[in-house]
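Please look over the structure shown here before reading on.

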Amino acid sequence: MVATSFTPIASLLGGVLIGLSAVLLMWATGRIAGISGIAARLFPPYEDREFAGRLAFVAGLIAAPVLVRLVTGSLPAQTIAAGAPVLIVAGVLTGFGTVWGSGCTSGHGVCGLSRLSVRSLVATLTFMATGIATVFVIRHWS
Amino acid sequence: MTILVQFAIGLLFGLGLVVSGMSNPAKVLNFLDLGGIPAGTWDASLAFVMAGAVAVTFVGFRHVLKLAHPLFAERFSVPTRNDIDPKIVVGPAIFGVGWGLAGFCPGPALTALGFGSTSAVIFVAAMCAGMVLARFIAKLQSSTRIAAPVHPLES
């Protein structure tokens with residue numbers, strides 16, 4: 001495993017930016033900033049005419065590190081330890097699970113908890129629990 | 001105009017992910033690693049991401065949802081369900097395993113594409129496949145429910 005340093009101020013600031021984005025998206029489009037929902041609806045079947053807006057939002061997500069590199073000349077550390085087979089399994093589970101459970105860390109964890117949704121609380125506690133359990137099994141069961 | 005605004009809002013979300021450290025899977029996995037507390041390798045940073053995001057959203061939603069309608073839409077589309085069905089447990093349980101395996105959830109994985117990482121491309125491609133599969137099965141189930149009473153023994 002790769003050691004990382006505790007960054008409470010940067011993380012709190014980043015969290016505030018994420019929250020601002022969620023509030024602005026609600027103000028502009030009337031929709032929840034749930035990234036899994038936005039990404040999944042880029043694929044058929046299409047149920048509304050919001051495709052272009054969703055694509056623009058995802059393009060913004062991808063453009064963020066590009067902008068950071070342009071402005072500051074560097075990017076913060078990003079360490080992806082998993083190899084291709086694990087990434088593929090993890091990706092399929094993440095994609096399937098977030099659609100099956102109607103949301104991910106942003107839709108349930110941020111927007112849902114802010115709205116005091118019981119479903120989002122159950123969802124958030126569940127993915128936190130299985131995420132913690134998975135890391136525990138991988139790192140400490142040997 | 002709507003498109004530009006949504007791009008800017010997505011950009012802001014992505015900046016939050018980069019600044020907060022959530023776009024680094026190593027940080028996410030060290031947060032989920034409660035077993036690392038005794039050794040001092042636990043990284044509590046992500047609790048601060050959640051705290052910052054939830055605090056702003058909690059206050060912001062309260063104000064925004066008092067408006068007659070959103071800027072670019074006729075009405076707010078806010079989920080209203082409050083029943084606990086199996087899907088709201090099974091889905092997140094599956095997602096959590098994927099999250100714990102790679103350290104990516106959907107937002108940070110998409111933002112990681114902008115870092116130019118090949119690993120992120122592999123993860124996102126697999127994630128999209130998982131999403132399409134889940135939507136396909138959900139659609140199949142909803143159409144089976146309608147068709148089921150006709151030939152209940154044939155399936």
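In what follows, a helix is a DSSP run of H or I with at least four residues, and helices are numbered from the N terminus. The model discussed here is a predicted one.

## The contact between the chains

The contact draws 105 residues from chain B and 103 residues from chain A. On the side of chain B that touches chain A, at least two residues each come from helix 1 (2-20), helix 2 (25-32), helix 3 (45-64), helix 4 (87-102), helix 5 (106-113) and helix 6 (118-147) of chain B. The largest share of that side, 18 residues, is supplied by helix 1 of chain B.

When the residues of the side of chain B that touches chain A are sorted by class, 69 are nonpolar, 28 are polar and eight are charged.

The crossing of helix 1 of chain A with helix 3 of chain B is right-handed. The contact between helix 1 of chain A and helix 3 of chain B has 20 nonpolar residues and eight polar residues, but no charged ones.

## Helix 1 of chain B

Of the 19 residues in helix 1 of chain B, 14 are buried, so this helix is largely enclosed by the rest of the structure. At 1.5 Å a residue, helix 1 of chain B should span 27 Å, and this agrees with its end C-alpha atoms, which are 27 Å apart. After helix 1 of chain B comes Gly21(B), which has a positive phi, near 95 degrees.

## Two single residues

Is Ser142(B) buried or exposed? Ser142(B), which lies in helix 6 of chain B, has 9 other C-beta atoms within 10 Å, and because a residue with 12 or fewer counts as exposed, Ser142(B) is exposed. The C-alpha atom of Ser142(B) is separated by 32 Å from that of Gly10(B), and these two residues are 132 residues apart along the chain.

In chain A, Val89(A) belongs to helix 4, residues 84-100, and Val89(A) is partly exposed, with 17 other C-beta atoms within 10 Å. Val89(A) and Gly109(A) are 20 residues apart along the chain, and their C-alpha atoms are separated by 23 Å.

Technical notes:
Residues are numbered from 1 along each chain as its sequence is written. Chains are lettered from A and ligands numbered from 1 in the order in which they are written. This is a predicted model: local features need pLDDT of at least 70, side-chain atom pairs count only at pLDDT 80 or more; totals for chains, interfaces and linings use all residues. Two residues are in contact if their C-beta atoms, placed from the backbone, lie within 7 Å. Ala, Val, Leu, Ile, Met, Phe, Trp, Tyr, Cys and Pro count as nonpolar, Asp, Glu, Lys and Arg as charged, and the others, Gly among them, as polar. A crossing is left-handed if the near helix is turned anticlockwise from the far one by less than a right angle, and right-handed if clockwise. A residue is buried if 20 or more other C-beta atoms lie within 10 Å of its own, exposed if 12 or fewer, and partly exposed in between; C-beta atoms are placed from the backbone. The expected span of a helix is 1.5 Å times one less than its number of residues.
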